[in-house]
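This briefing goes through a structure from its symmetry down to individual residues. Please keep the sequence and the coordinates open while reading.

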Number of protein chains: 2
Amino acid sequence: MVYNKEDIVQLPKSFRTQLINSLSGFKSVTLVGTQNLAQQKNLAIMSQVFHIGADPALMGLLIRPDSADRHTLSNILETEQYTFNHIHGAIVKQAHQTSARYPQAISEFEACNLESEYIYDFQAPFVKSSKVKIGLHLEERVDLKINGTILIIGSIQLIDLPNDSINTDGFLDLNKAGTITCNGLDAYLGTIKLERLSYAKPDKPLESIPY
Amino acid sequence: MVYNKEDIVQLPKSFRTQLINSLSGFKSVTLVGTQNLAQQKNLAIMSQVFHIGADPALMGLLIRPDSADRHTLSNILETEQYTFNHIHGAIVKQAHQTSARYPQAISEFEACNLESEYIYDFQAPFVKSSKVKIGLHLEERVDLKINGTILIIGSIQLIDLPNDSINTDGFLDLNKAGTITCNGLDAYLGTIKLERLSYAKPDKPLESIPY
């Protein structure tokens, strides 16, 4: 089935929203933990988190300012600290429930039955039951004029992960850590390993890397 | 295992590259098809593609200008047209091989044995064997000062997908379409459906959506 530009514009709004949100392929899905200066905590599930660079170690988060994520955005701007917490199968329903529009005074940690945790002196709450946790410091805010979304770029300050999920070469085995992925707005999936492949060179056949 | 900021900075370069590239969770992995004004074709595998908005329908692509992706970038800037092509299990090795640094005169379509295809009058090549294909027009280039990466924002002009992968509500079933995901720089995975969940509201229990 082929949709051209006119077809896409004429699709019913909710149909287009579902379709376009699926088109970018499988996405990471992360619980973003924040608090305001009064230490009121917030937790929100987000699927627009991505790698920006390894040195310096940077990650991006794209936020729509008029969405349920607005408390997350204001907390990040206020404190400049936030956490990314991977989601595994056992907490997928609680994680999805954080997308409901709770009033600011209500912490999604409590409302969705996900215990918070502080690690060392990092000033934003982590999800205790998450297996992979990352603490970030706000480095740059980029406003995308084209549709009003905001790109939040953060530097990685702290990483907490299961000992047995990291290989000797630094590869973090997300399948072993139980991390899930998502499709569109509301579907969650586990993974099956296919292959890890060697660094590609024009004149050399690829080799499988055991993992 | 906890790494703080000093630990991260002191990690050996290749270890840090592997670790940080895995931290953002599972990523989409896409073959980006382009050509220059002389119709010399290029194909490159990329894992920094993400959803930006549904209305208008926009997708982002983050490119490091000094990488093997530099021909992709120059072609996008030259012609303003490019394609995203999902990867399934049967073409994962050919797809990975496109990351080798071929000279500009060599087309990765040919070198990696992936046939190209043109759809309607769209002026950039698609991967014929891909199941999900998207044609994009360059709308905005945003240079991220923090590390020199370039965010390419494109509007969706054309979508080609298997009839049986799209649900009546617009949800594109990526698992059914065979789309794979990736972990870090070099690991590829299939998916297992866990659950599709209803729109979350504070006072309403979640329901499973059959899919």
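Copies are superposed here by least squares on the C-alpha atoms of residues with pLDDT of at least 70 in both. The model is a predicted one, and with that superposition chain B can be laid on chain A with an RMSD of 0.0 Å, by a turn of 180° and a shift of 0.0 Å along the axis. That is the relation of a two-fold axis.

**Symmetry and interface**

- In chain B, the C-alpha nearest the axis belongs to Thr191(B), and the distance between this atom and the axis is 2.1 Å.
- The copies meet through the same surface, because 100% of the interface residues of chain B are also interface residues in chain A.

**Chain A as a whole**

- Chain A contains five helices and 13 strands, and with a radius of gyration of 19 Å, close to the 17 Å that the globule rule gives for 211 residues, it is as compact as a globular protein of that length.
- Taken along the principal axes, the box filled by the C-alpha atoms of chain A is roughly 60 × 50 × 35 Å.
- Of the 211 residues in chain A, 61% are buried, and among the contacts between residues at least 6 apart in sequence, 58% join residues that are at least 24 apart.

**Surface and charge of chain A**

- The accessible surface of chain A comes to about 8,200 Å², and carbon and sulfur atoms account for 49% of that area.
- Chain A carries 19 positive and 23 negative side chains, with the centres of the two sets lying 5 Å apart.

**Helix α2 of chain A**

- Helix α2 of chain A, which spans residues 13–23, is mostly covered, since eight of its 11 residues are buried.
- The buried residues of α2(A) are Phe15(A), Arg16(A), Gln18(A) and Leu19(A), together with Ile20(A), Asn21(A), Ser22(A) and Leu23(A).
- Just after α2(A), Gly25(A) takes a positive phi of about 90°.

- Ile146(A) is found in the loop of chain A that runs between β10 (133–143) and β11 (150–160).
- The relative accessibility of Ile146(A) is 27%, so this residue counts as partly exposed, given that buried means under 20% and exposed means over 50%.
- When its neighbours within four places in sequence are left aside, Ile146(A) is in contact with Leu58(B), Glu139(B), Glu140(B) and Ile153(B).

Terms used:
Residues are numbered from 1 along each chain as its sequence is written. Chains are lettered from A and ligands numbered from 1 in the order in which they are written. This is a predicted model: local features need pLDDT of at least 70, side-chain atom pairs count only at pLDDT 80 or more; totals for chains, interfaces and linings use all residues. Side-chain values use heavy atoms; hydrogens and water are left out. Contact means heavy atoms within 4.5 Å. Helices (H or I, at least four residues) and strands (E, at least two) are DSSP runs, numbered from the N terminus. Buried means under 20% relative accessible area, exposed over 50%, partly exposed in between (1.4 Å probe, protein chains only). The radius of gyration is taken over C-alpha atoms; the globule rule is 2.2 Å times the number of residues to the power 0.38. Accessible areas come from the Shrake-Rupley method with a 1.4 Å probe; for residues, only the protein chains shown count as cover. Lys and Arg count as positive and Asp and Glu as negative; His and the chain ends are not counted. The place of a charge is taken as NZ of Lys, CZ of Arg, CG of Asp or CD of Glu.
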